[in-house]
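Dear colleague,

Please find below the sequence and structure that I am handing over to you. The findings follow directly after them.

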Amino acid sequence: MGIKGLQGFVQNSCPDAFTIVNLKEMARVYMTSNPGLTPTIVVDAMCCLRYWYTPEAWVHGGQWREYISSLSTFVEAFRSAGIRLVFIFDGVVEQKKRDEWVRRRLNNNKEISKIFHHIKTHGQQPGRHMFFIPSGLSTFTRFALKTLGQEVMCSQREGDYEVAAYGLQYKCLGILGEDTDYFIFNTVPYFSINKLRLDRLTTFMFSRDKLCCTLGLQITDLPLFACLLGNDVMSEEKLGSFHRKCMATCQANTYGHNKRANTISAVASFISHVPEAQRSWKALDQILPVDLDRTLLYNAQEEYILPGQTSPWLYPCATRSKGLTDGHEMAMCLDQDILQIANEQHRRGDNSMICNVLCNGEVECSNTLEDEADHELLGQAIIYRSVRQHIYAVLLGTGKGTPGSCPSIKEWFVYPGNPLQHPEIVKAVQPDMPGGMPGVRALWLTDGPEVETLRLQTCLACFHAEDSMEELRALEAPIASVCCLLIYLFQQVDSLSLEDLEAFIAQTLCLQSKSADQLKDLQISHIDSRAVHLSFLFVRGIITMMGANSACGFPFTMDDLMPWKVFDGKLFHQKYLQSHRGSPMEALLECNETLLAQFRNLKSLICNACAAKKRTIQSNRRDSGQGTFQRRPDAHYMDNQATHFTPSNRNHNHPYHGQTRGHQWRSPHPGSDSSESQFHRSGRGYHSVNRVRRGRGFQSSPRWPQ
């Protein structure tokens, strides 16, 4: 949740409430005091994303190999100190937080507009003061941490509650995060991620006892204190008159012209002056202003009471609010086997979207770096809506034609022009498949070669790429996923050009041989706003594909869909600028002759798939940054030949003519021998080895058979 101004108050006005500690030394003392236990820090991952994202470039779509290298350094620092980390991510937006969620998303839209204005004005990335977390960072971080061997969980209710509860239940060394709610929860010590010196493993540790001493409160008063100050449930606006009354009537310490500090002190004084005999909800109800929402205040306090704890300001038998796993009788899906698998996958962080659809019938997607002034490119939420409708149909069916029985999902998706006043109601739509769409039980609970093929076919059908299944099966899985995504994108967005396609393919192929350091050193002459928009459109497509992959029973391993295998923001930007300048193919592919045939094959595959759907990909070179449009000199050839490559019409004298379709090549993750794709073509279809029947999800792909 978070209490505005409390962090600053503690650091500026309560010097005794925090101290610098050495986590390595604390771990040593912990092991001495708790023989047999491993010192564990539970990490509020959502609070740490800004700290972890150290690459200088952040507007290009994400520097994913650099990012994974940064995460690896972070993890290794704690591992070498003997400290176990457990990472918890937010997995659901609770209804009582929806208004605050919307407010923040709308504010983010304003910040994104400023970012694009800066890019268009200066042709460069804004300074770090305007930093905006790359889209999908939370999702991809879950899988990156798994790749690094870390324990990851996705919350089934408010994330900070689960972090605090986990720390208390398992006697953790502490909580690492940056959320003032950890001042309020009566749990293990709270460490600051923002003050962490990774090279020394030192940071601030905050003391609730010292904070209470300064404010004249007891530990059990803190939940009421937080709610009367204002948080994500009890907004400051609703408490304005109460705050003014407290400052006018309560005897409290004053802090000059610091209005927020004075409010904090006055609210604490209001609580501390309640006589001990009247410290109860019943007595509190009598002294609160009549216009204060009692029900909201009561429920907001409950959110801070951990299992086994009580509060004098609540009734003794206070009930806990339900989590995601409770209330299955109200779920969209009534199949208990499917719900159980979905909940297990959600808890492991494999894909929260699927469980939210099946259990709640409601999903959300936060902001994306999209240029609201570019009317040729719609918001990613609109572009990928058709895929999501197919995903909903795979998971829930379509009601078999019975009037009014088609399932509908509530979507809270942020895109330019959406005021988020209410969710959009989106109906399930069956994907176009020969023989009809299989049911979710068939995809999730059965095995065999035919089912493997059916999973892939269903996933491709969600992206309108089912007719290209045989060609895609001939490719390595990460490359096949990129082609599937591009086939869909170029069918949906008419303004995408041949130059855009070449840029996407070239960056995917060139990426395979590049290290994180090489990508870090890549220099971009200037930044193009359209390239920024396209890069995040592509990244959101990867996340959408992850959802389709989960819904269809994992025809791909999740590891094969990760962006560090197929996308780098700066590299794409470079290829985009080169392509729209009309650079020769040798330059686009960095004079790597081994990539020419692969480039030609992938381009042919995508163009042919789009042509079969009546979409001809045109050349439309853009003078980057000027908003002007030019035709390529060879546009007639490209329009009439590139979209209809076949063995009979290829120019065998063309310098780029090369290998036939189906050439396979490996792309191991940097520094790892265990993450190469295991997908291969066989007589039984597209399959992955070591599939587990229940709980399919993220796994590092074994090596190709030699």
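Predicted model: local features only at pLDDT ≥ 70, side-chain atom pairs only at ≥ 80, totals over all residues.

Are phenylalanine 204 and phenylalanine 206 buried or exposed? Both phenylalanine 204 and phenylalanine 206 are buried, where buried means under 20% relative accessible area, exposed over 50%, and partly exposed in between (1.4 Å probe, protein chains only).

Residues are numbered from 1 along each chain as its sequence is written, and side-chain values use heavy atoms, with hydrogens and water left out.

Overall composition

The protein chain has 29 helices and 12 strands; helices (H or I, at least four residues) and strands (E, at least two) are DSSP runs, numbered from the N terminus. Of its 706 residues, 60% count as buried. Among contacts (heavy atoms within 4.5 Å) between residues at least 6 apart in sequence, 74% join residues at least 24 apart.

Aromatic pairs

The structure holds 30 aromatic pairs. Rings of Phe, Tyr and Trp (its six-membered ring) pair if their centres lie within 6.5 Å; planes under 30 degrees apart count as stacked, over 60 as edge-to-face and the rest as tilted. In the pair of phenylalanine 18 and phenylalanine 206, the ring centres are 6.1 Å apart and the planes stand at 55 degrees, so this pair is tilted. The two residues belong to distant parts of the chain: phenylalanine 18 is in strand β1 (residues 18-22) and phenylalanine 206 in strand β7 (residues 202-206), 188 residues apart. Phenylalanine 206 has a relative accessibility of 4%. Phenylalanine 206 also pairs with phenylalanine 204 in an edge-to-face arrangement, at 6.3 Å centre to centre and 80 degrees between the planes. These residues are part of one aromatic cluster formed by Phe18, Tyr161, Tyr182, Phe183, Phe185, Tyr190, Phe204, Phe206 and Tyr304.

Charges over rings

A charge sits over a ring if NZ of Lys or CZ of Arg is within 6 Å of the ring centre and within 35 degrees of the ring normal. Arginine 157 lies over the face of tyrosine 161, at 3.8 Å from the ring centre. Arginine 388 is placed over the face of phenylalanine 413, at 4.0 Å from the ring centre.

Salt bridges

How many salt bridges does a search of the whole structure find? The search finds 41, a salt bridge being a side-chain nitrogen of Lys or Arg within 4 Å of a carboxyl oxygen of Asp or Glu. One of them joins glutamate 303 to lysine 96, with the closest N and O atoms 3.5 Å apart. Glutamate 303 lies in the loop between α13 (294-302) and α14 (336-347) and lysine 96 in the loop between β3 (84-89) and α5 (98-122), so the pair ties together parts that are 207 residues apart in sequence. Glutamate 303 is buried at 5% relative accessibility, whereas lysine 96 is partly exposed at 32%.

Arginine 622 and glutamate 376 form another salt bridge (2.7 Å, N to O). This pair links strand β11 (residues 621-623), which holds arginine 622, to the loop between β8 (362-365) and α16 (380-383), which holds glutamate 376, 246 residues apart. Arginine 622 counts as buried at 10%, and glutamate 376 as partly exposed at 38%. Elsewhere, salt bridges that share partners join Glu94, Lys96, Arg157 and Glu303 into one network.

Strand β5 and its neighbours

In strand β5 (residues 174-177), Gly174 and Leu176 point one way and Ile175 and Gly177 the other, and all are buried. Strands count as paired if DSSP finds at least two bridges between them. Strand β2 (residues 40-44) pairs with β5 in the parallel sense over 3 bridges, and valine 43 stands opposite leucine 176. Strand β6 (residues 190-192) also runs parallel to β5, joined by 3 bridges, with tyrosine 190 as the bridge partner of isoleucine 175.

Helix α3

The buried residues of helix α3 (residues 45-52) are Ala45, Cys48, Leu49 and Trp52. Seen down the helix axis, they fall within an arc of 130 degrees (taken from the directions from the axis to the C-beta atoms), so they line one face of the helix. Their cover includes β2, α4 (64-80), β3, α6 (137-147) and β5.

With kind regards
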